[in-house]
Amino acid sequence: MPIIRVALPLPIPQLFDYIAEDAVHSDIGRCVRVPFGRGEKSGLIVSLPAEADVDRGRLKVVSHVQREVPALPADWLELVGFVARYYHAPLGEVVALALPPGLRRADGVSGEDVDPLLELSAAGRAALAEARRESRALTLLKATDALGGPARRSAVRALEAGSAVGDLIRRGWLVPRDDGGGRHLAAGRPELTVEQAAVIDTVVAAGTGFHAWLLHGVTGSGKTEVYLRLAERALAAGEQVLMLVPEIALTPQLENRVAQRFPAANVVSLHSGLAEGARSRGFVQALSGHADIVLGTRLSVFAPLPRLGIILVDEEHDASYKQQEGVRYSARDVAVWRARQRAVPVLLGSATPSLESWQHAGNGRYGLLRLTHRAVATTLPKVRAVDIRRMKLDEGLSPALHAAISERLKRREQSLVFINRRGYAPVLSCPACGWVSRCPHCSANLVVHLADRRLRCHHCGCDGGIPHACPSCGNQDIQPFGRGTQRIEARLNELFPEARVLRVDRDAARTRAQWEALLDKIAAGEADILVGTQMMAKGHDFPKLTLVGVVGADSSLHAADFRAPERLFQQLMQVGGRAGRGSLPGEVLIQTEYPGHLLYQHLGRHDFDAFAKMALDERRVACFPPFTHQAMLRADAPALSDAVEFLQHARRLAQSCAPETLRLFDPVPMRMSRLARRERAQLLVEADSRAGLQGFLGQWMTMLYAQRTPRELRWQLDVDPLDV
Ligand code: ADP
Ligand code: ZN
Ligand code: ZN
């Protein structure tokens, strides 16, 4: 009787053996359901061992082997195996993360469910002809008409997301059409700039096989066009393209661009916001080779791609590539490993590369490609520091910013007030006694949400009403302190009654449909002043936006987190890049008490190289990554002392196997030590070499997994942590 070895989603690094009567070698990589404890669990067959780990007589029999979809290939098993090894996570948990839930449960999923192409119906044409009012639906209809039909994938996805295209389909204005052939023909592409052509020539000249490239291109330099051209080459060669974006909810524009450029290619998007069925379907299409382009967030790095030809990682510096819970993998780093494994090129693109990638480009591990000019607008925006040291601010707004906004209003251009939210949330405080609205469960302040008049904890999510008087001294005059987007929005409405003020933050754009509606409003010129947070920093084009005012930037200059200046520079450069992308020149005003700070100076000259050199020099001196390699062991428990005690114990274990070069720090409470009623502490480990760190972690984790810990205590390891 054959034995199958199964990875199950359990927090222990162990595989489980079962008997499977009809199992054959080709079942490796298939999902199964197996009896476990008193119930059943879903897992993945990773091998067919000759002998079981335990006594054969004690083996249970597998319940179900899912054979309707192709087995996951060997290279995919290698990939999850690598992630499990490198991040020291149980293989079953990595598998559970990498597979869509529907597929893993071994539900019936079919790969044959190809989405229909759509075209304008007679009713749609009639609606277009009769239309008087310009609506989003009509704009879409027109676009569809102009393209001769192909609304295809994005339309079906939109249907699932319940947005405007979905409406068109429900009304019968868009209907399925026949696939007219002509696959992979690129539609309506611009002539490449000299720089773009040179970049593509370099990548092409390097030939097939593994090459890692860092594409450093200023905002608006046409990096996306480079991705699209490289994708086009891969498609023409019959290969699949994997394109990673940091946050798909923020990038419908990119999805549309890809779908429009390759109307007949099967573009599959994969992200956690999809309905389960859609995610499974997309995954199976990738696996079966039916998907030509997989576009998605970090989890799509796990899409199986039998014909993989190239991997493209947009905005590679973005922190959302790093998973912050469970298996804490970096999709960007995994993408590079995967490219090497599959012997294909990988291109990491950014206007503000991470210092890690920049360092790799500096020492030759990555090839450096550059786009130094904007593709369309002739100049980069003017960046100016506004010295606010001896200035009276009006709700955080300086007279200079006020004047600049007025000027834009006169010229009928758009302004953006960008709020650096790190350390800048509106909390409720009492000027009489100093009381501050704190979360009862976390060491965080509650944030004031004026729209629904609630106080909310952004960490654990608990919320309550806004008190009318200070709970501590009874003072009736309690004020929101700090300047959140909502307060600035309210003040701008008072200052500029004739202007249309639009707030763009997580509250205003909770769903993708809301976000798209906001983007449409901005693009259609239905807003004069935008108030936004980091959501606004990501690659969007707003041709009428010519002014960006930055409020609260300084709070990141002196933050405890050594990565804070890097993030600030990235964010300001990105958000500044939103200004003046059309034919109008842009301006960026940064309100600061440190106008002479080198970070702002480099920013003013758009000199990423100088900033990166300065920041890397600082990191080298201080022995921070990328000059050292880190791992963080975190523990949480109802009582802080339990968490710290566990880490002290772990530290003693570490001392027994740590090489000389390893640095073990003392356990400390985390900066946000209390989260959702649990106390958290952490222990930092550093080594000069990655190999040294990995060797140690392997031994240490084996010891830690063997420990018995109190039930209420949880611990996790974070390799290459971003928040230290
Ligand atoms: P990035 O991603 O580098 O910020 P984009 O790829 O979004 O830049 O390009 C910025 C703008 O320039 C877009 O409107 C794009 O359509 C346009 N563009 C890019 N390349 C070209 C080109 N070769 N010719 C004309 N327009 C281009
Ligand atoms: Zn809380
Ligand atoms: Zn008080």
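Strand S25, residues 587-592, is mostly covered in this predicted model, since six of its six residues are buried. Glu587, Leu589 and Gln591 point one way from S25, Val588, Ile590 and Thr592 point the other way, and all are buried. The strand belongs to a protein chain with 21 helices and 30 strands. Of the 724 residues in that chain, 47% are buried. Among contacts between residues at least 6 apart in sequence, 75% join residues at least 24 apart.

**Neighbours of strand S25**

- Strand S15 (residues 382-387) pairs with S25 in the parallel sense, and six bridges connect the two.
- Within this pairing, Val383 has Val588 of S25 as its bridge partner.
- Strand S24 (residues 545-551) also runs parallel to S25, to which it is joined by four bridges.
- Here Val550 stands opposite Ile590 of S25.

**Strand S26 and its two partners**

- Strand S26 covers residues 629-637, and seven of these nine residues are buried, so the strand is largely enclosed by the rest of the structure.
- Strand S29 (residues 678-687) runs antiparallel to S26, and nine bridges join them.
- Leu633 lies opposite Leu683, a residue of S29.
- Strand S30 (residues 714-719) is likewise antiparallel to S26, with six bridges between them.
- The bridge partner of Ala631 in S30 is Val719.

**The five-stranded sheet**

- An open sheet is formed by five strands with antiparallel pairing, in the order S2-S1-S4-S3-S5.
- Its edge strands are S2 (16-19) and S5 (64-65), each of which pairs on one side only.
- Strand S1 (residues 3-7) is joined to S2 by four bridges in the antiparallel sense.
- Ile4 is placed opposite Tyr18 of S2.

**Helix H2**

- Helix H2 runs from residue 91 to residue 98; seven of its eight residues are buried, so the helix is largely enclosed by the rest of the structure.
- The buried residues of H2 are Leu91, Gly92, Glu93, Val94, Val95, Ala96 and Ala98.
- The elements that cover these residues include strands S1 and S4 (39-47), together with helices H1 (74-86) and H3 (101-104).

**Helix H13**

- In helix H13 (residues 355-362), the buried residues are Leu355, Ser357, Trp358, His360 and Ala361.

**Helix H16**

- Helix H16 (residues 512-523) has 12 residues and should span 16 Å at 1.5 Å a residue; its end C-alpha atoms are 16 Å apart, which agrees.
- Trp515, Glu516, Leu518 and Ile522 are the buried residues of H16.
- These residues lie on the same side of H16, because they cover an arc of only 160 degrees around the axis.
- Gly525 follows H16 and has a positive phi, near 75 degrees.

**Arg257 in helix H10**

- Arg257 is located in helix H10, which comprises residues 252-261.
- Arg257 has 15 other C-beta atoms within 10 Å and is therefore partly exposed; a residue counts as buried at 20 or more such atoms and as exposed at 12 or fewer.
- Arg257 and Leu228 are 29 residues apart along the chain, and their C-alpha atoms are separated by 8.9 Å.

Note on methods
Residues are numbered from 1 along each chain as its sequence is written. Chains are lettered from A and ligands numbered from 1 in the order in which they are written. This is a predicted model: local features need pLDDT of at least 70, side-chain atom pairs count only at pLDDT 80 or more; totals for chains, interfaces and linings use all residues. Two residues are in contact if their C-beta atoms, placed from the backbone, lie within 7 Å. Two strands pair if DSSP finds at least two bridges between them. The expected span of a helix is 1.5 Å times one less than its number of residues. The arc is that of the directions from the helix axis to the C-beta atoms.
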